[in-house]
Amino acid sequence: MGMATLYVGDSPVTVRRRRVKNLNLYVKPPEGEILLTIPYGVSLKTAEDFLKRKEAWILRAKERVTAAGREEPPVISEEQVRQMKAAI
């Protein structure tokens, strides 16, 4: 399986060749790791052009994913737990 690293701004993008039909772009939580899977017949130049076209989306998605990872889970008191159980 081939692997390479390209960049969108300062962010590294892991490029993996797989038995897929399309270019698939993922921004994974919690750190916002960026993964691009490409078919074996697609050149890195084509992958790079695709990333340039999708740069704005990638940066927005990365910000959204990393911001979600920073949120603190809500704190529920014992009283709230009792009320929820009573409502069931």
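The side chains of Ser11 and Lys62 are joined by a polar contact of 3.3 Å, where a polar contact is a pair of N or O atoms within 3.5 Å, within protein one able to donate a hydrogen and the other to accept it, and residues adjacent in sequence count only if both atoms are side-chain atoms. The model is predicted, so local features need pLDDT of at least 70 and side-chain atom pairs pLDDT 80 or more, while totals for chains, interfaces and linings use all residues. Residues are numbered from 1 along each chain as its sequence is written, and side-chain values use heavy atoms, leaving out hydrogens and water.

Ser11 belongs to strand β2 (residues 11-18), helices (H or I, at least four residues) and strands (E, at least two) being DSSP runs numbered from the N terminus. With a relative accessible area of 11%, Ser11 is buried, because buried means under 20%, exposed over 50% and partly exposed in between (1.4 Å probe, protein chains only). Not counting residues up to four places away in sequence, Ser11 touches Leu6, Ile34 and Lys62, contact meaning heavy atoms within 4.5 Å.

Strand β2 pairs with β1 in the antiparallel sense over 6 bridges, and with β4 in the parallel sense over 6 bridges; two strands pair if DSSP finds at least two bridges between them. Ala4 stands opposite Val15 in β2, whereas Arg16 stands opposite Thr37 in β4. In the hairpin of β1 and β2, with 2 residues between the strands, Gly9 takes a positive phi near 65 degrees.
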